Amino acid sequence: MADLDAGPDTGSPALDGTNEAAVAALFRARYPEMVRLANLLGADDPEDIAQEAFARLLRKHGSLRDPAAALAYVRASVCNLTRNRHRHLRVVRLRTPAGHDEDSSEQVAMLREDHREVLTALAGLPPRRREAIVLRYWLDLSEREIAAAMGVSQGTVKSHMSRGLAALALVLGDKA
């Protein structure tokens, strides 16, 4: 992360050493967590999603109202980037002939774990319900934090959680 001053035409503030160091520390501490979050949200390229989220934070960090909100900003970015990626892939699938999909090595490894049924059931949920459940039970976020990450109200989070958990209970039955 060397020599990352923003040019005058980008409209973003120049990065000073403090901002760069804060983002670098957050990256070291939370990058694997953000990769797993993107993977659990169904990203086909979780490493790229996490890297892009941190790159956006690096460009934006100096203009954050509350620098302590950097982790929440990265989480929300991972959610938004994954959602955008899903939309993009849906359009690509509509415009290209059917072919076979290849899983990343991390996705293949996760499928071999003991939680295969839960991950399969989770993948079958609508994206926003899956997002709410992953943020709540994997990251242990509060409803307020989930609402901020998803860009919705707390009531919408409660609705997504309730409906998602009911759907998981139906699919998993006694396995849960």
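What you have open is a predicted model, in which local features need pLDDT of at least 70 and side-chain atom pairs count only at pLDDT 80 or more, while totals for chains, interfaces and linings use all residues. Residues are numbered from 1 along each chain as its sequence is written, and side-chain values use heavy atoms, with hydrogens and water left out.

Of the 176 residues in the chain, 36% are buried, where buried means under 20% relative accessible area, exposed means over 50%, and partly exposed is what lies in between (1.4 Å probe, protein chains only).

**Stop one: the aromatic rings**

Select F27, Y31 and F54, which form one aromatic cluster. A search of the whole structure finds three aromatic pairs, a pair being two rings of Phe, Tyr or Trp (its six-membered ring) whose centres lie within 6.5 Å; planes under 30 degrees apart count as stacked, over 60 as edge-to-face and the rest as tilted.

Look at F27 and F54, whose rings are 5.1 Å apart from centre to centre, with 80° between the planes, an edge-to-face pair. Because F27 lies in helix α1 (residues 17-40) and F54 in helix α2 (residues 46-60), this pair ties together parts that are 27 residues apart in sequence. F27 is partly exposed, with a relative accessible area of 28%, whereas F54 is buried, with a relative accessible area of 3%.

Now turn to Y31 and F54, whose ring centres are 6.5 Å apart and whose planes stand at 50°, so this pair is tilted. Y31 lies in helix α1 and F54 in helix α2, and the pair therefore ties together parts that are 23 residues apart in sequence. Both Y31 and F54 are buried.

While you are at helix α2, select D48, which is found in that helix and is partly exposed, with a relative accessible area of 45%.

Select helix α5 (residues 116-123), whose buried residues are L119, A121 and L122. Around the axis they cover an arc of only 165°, which puts them on the same side of α5; the arc is that of the directions from the helix axis to the C-beta atoms.

Next show helix α8 (residues 154-172), which packs with α5 at an angle of about 130°, the axes being 10 Å apart. Axes here are lines fitted to C-alpha atoms, for helices over the stretch in contact, and angles run from 0 to 180 degrees between N-to-C directions. α5 and α8 are therefore oblique to each other, given that angles under 35 degrees count as roughly parallel, over 145 as roughly antiparallel, 65 to 115 as roughly perpendicular and the rest as oblique.

Within helix α8, select L165, which is partly exposed, with a relative accessible area of 34%. The C-alpha atoms of L165 and L125 are separated by 9.5 Å, and these residues are 40 residues apart along the chain.

Follow the chain to D140, in the loop between α6 and α7. D140 has a phi near 60°, a positive value in a residue other than glycine, and at 57% relative accessibility D140 counts as exposed.

Now select helix α6 (residues 127-137) together with α7: their axes come within 10 Å and cross at roughly 135°, which makes α6 oblique to α7.

Which residues of helix α7 (residues 143-150) are buried? They are I146, A147, A149 and M150, and, seen down the axis of α7, these buried residues fall within an arc of 165°, so they line one face of the helix. On the other side of α7, R144 and A148 are exposed. End the tour at G151, which follows α7 and has a positive phi, near 70°.

Note on methods. Helix = DSSP H or I, 4+ residues; strand = E, 2+ residues; numbered from the N terminus.
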